[in-house]
Amino acid sequence: MSHPLQRAASLALAYPWTTTPLIISAPMRVMAGPALAVAVSSAGGLGFLGPNTKTDNMASDLEEASALLSTLRSTPNIALPPSTTSTTLPIGIGFQLWSDSLLTALKLIKQHKPTATWLFAPANGQKDLDVWTRAIRETQPETKIWIQIGTVSEAESLIAASSEKPDVIVIQGSEAGGHGRASDGMGLMALLPEIVDIVSPSGIPVVAAGGIADGRGASAALCLGASGVVLGTRFLASTEARINPGYQAEVVRARDGATSTTRTLLYNHLRGTYGWPQEYSPRGVVNRSWTEFCAGRPFDELKSEHDRALGEGEKGWGVEGRLATYAGAAVGLVRGVKGAGEIVEEVREEVGRLLGSSV
Ligand SMILES: Cc1cc2nc3c(=O)[nH]c(=O)nc-3n(C[C@H](O)[C@H](O)[C@H](O)COP(=O)(O)O)c2cc1C
């Protein structure tokens, strides 16, 4: 069996500006905007833009990211490749398949050539993943296809003979913040190696997501068979995240994810978000909306309180707040706000200290 960093090195090679191990920022809806994605890629990681409120709205995010990248490319000492050696944009872009428009996505991918697309949450399982994968490859063959899954059976469908194979499989453990498997989710410690064993013969690299907030979690995931690691919640507490300061302060304050976070559709419904495929539900930090819901307060009253809190700015978040605070089970390991580039470097250095050299 090869050293974890040796395995990880081959994935990083596919994204020539990156450093081993590949540190990836998750495509968090709205909150992972151009500044975050570009900062992560500039630090030798791979930053993903999150989906936006509408697929059309991702056009301005891609334009802003392209502009930021061209400014950086002309700055000395930045790892990004000069445009002459890279035909794709060195960031990725995420789509939620159940709600995003494939036609609009294809238009954006053709125009901006992101290095990777991250597909998640299809309404019709593997069938939708095949349609999107095929269409993206036909439109822009250089854009790599990443697919995020959370169960062994999804992994089996992905590598079945009849499926369109992704370039990378993201294994999302139930620790993850935001949406993940509702009732059949499992922690990465058990889920990741079981899927690695299934996927390995196909040669498709897997990366790990869920509960990874520092170099310790990253090293563990690499030892379990991942070739790269995804951090979401940790980047919510970055200076580049597109997040309300009240939300960000709550991510920094919250600890003990076992008691301070839960998976529930309550916050989706308070926000008026319906239609997610039934396999998914989001993890977030609990507050008064949740405690009063558990105590039996009627939904209509909770909704009125929630909507009032929307007008209260930063005070809408926190223990006494009522607004959705999607974040993962490792929220207790996020103890301050830092630059995204600094986070990438810190995690990478800690992995280096823990796992040593690959040779
Ligand atoms: C606020 C938030 C929003 C998210 N939005 C998306 C999304 O739109 N699409 C997606 O594929 N994953 C989304 N995720 C999940 C991430 O892709 C990833 O699985 C997760 O952040 C990893 O776990 P962690 O938060 O513990 O690091 C989101 C996560 C968070 C915290």
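This report walks through the domains, the ligand site and a few local features of the structure.

## Ground rules

This is a predicted model, where local features need pLDDT of at least 70 and side-chain atom pairs count only at pLDDT 80 or more, while totals for chains, interfaces and linings use all residues. Residues are numbered from 1 along each chain as its sequence is written, and side-chain values use heavy atoms, with hydrogens and water left out.

## Two domains

The protein splits into domain 1 (4–243 + 333–355) and domain 2 (254–331). These bounds come from an automatic or database domain assignment.

## Where the domains meet

How many residues of domain 1 are in contact with domain 2? There are 24, and they touch 19 residues of domain 2; contact here means heavy atoms within 4.5 Å. The size of an interface is often given as the accessible area lost when the parts come together. For domain 1 and domain 2 the buried area is about 1800 Å², with carbon and sulfur atoms giving 58% of that. (Buried area is the accessible area, taken with a 1.4 Å probe, that two parts lose on being put together, summed over both.) Look at W98, H179 and R181: these three supply 33% of the area that domain 1 buries against domain 2, more than any other three residues.

You'll find zero salt bridges between domain 1 and domain 2; a salt bridge is a side-chain nitrogen of Lys or Arg within 4 Å of a carboxyl oxygen of Asp or Glu. Polar contacts are another matter, with 14 residue pairs across the interface (both at pLDDT 80 or more). A polar contact is a pair of N or O atoms within 3.5 Å; within protein, one must be able to donate a hydrogen and the other to accept it, and residues adjacent in sequence count only if both atoms are side-chain atoms.

On the side of domain 1 that touches domain 2, β7 (178–181) and α9 (233–236) each supply at least two residues. The largest share, four residues, comes from β7. Helices (H or I, at least four residues) and strands (E, at least two) are DSSP runs, numbered from the N terminus.

## The ligand site

The ligand has 22 residues around it, and the closest are Q96, Q148, G211, G232 and T233.

## Links along the chain

The salt bridge count comes to 19. One of them joins R242 and D61, with the closest N and O atoms 2.9 Å apart. This pair links distant parts of the chain, since R242 sits in the loop between α9 and α10 (245–253) and D61 in helix α3 (residues 58–73), 181 residues apart.

S174 lies in the loop between β6 (168–172) and β7. Beyond its neighbours within four places in sequence, S174 is in contact with G185, M186, G187, R263 and R283. The C-alpha atoms of S174 and R283 are 8.6 Å apart, although 109 residues separate them along the chain.

Most residues other than glycine have a negative phi, and most peptide bonds are trans. The bond from T20 to P21 is cis, with omega near -5°, and P21 is in the loop between α1 (4–13) and β1 (22–25). A121, not a glycine, has a positive phi of about 60°; A121 is in the loop between β4 (114–120) and α5 (125–139).

Technical notes
A residue is near a molecule or strand if one of its heavy atoms lies within 4 Å of it.
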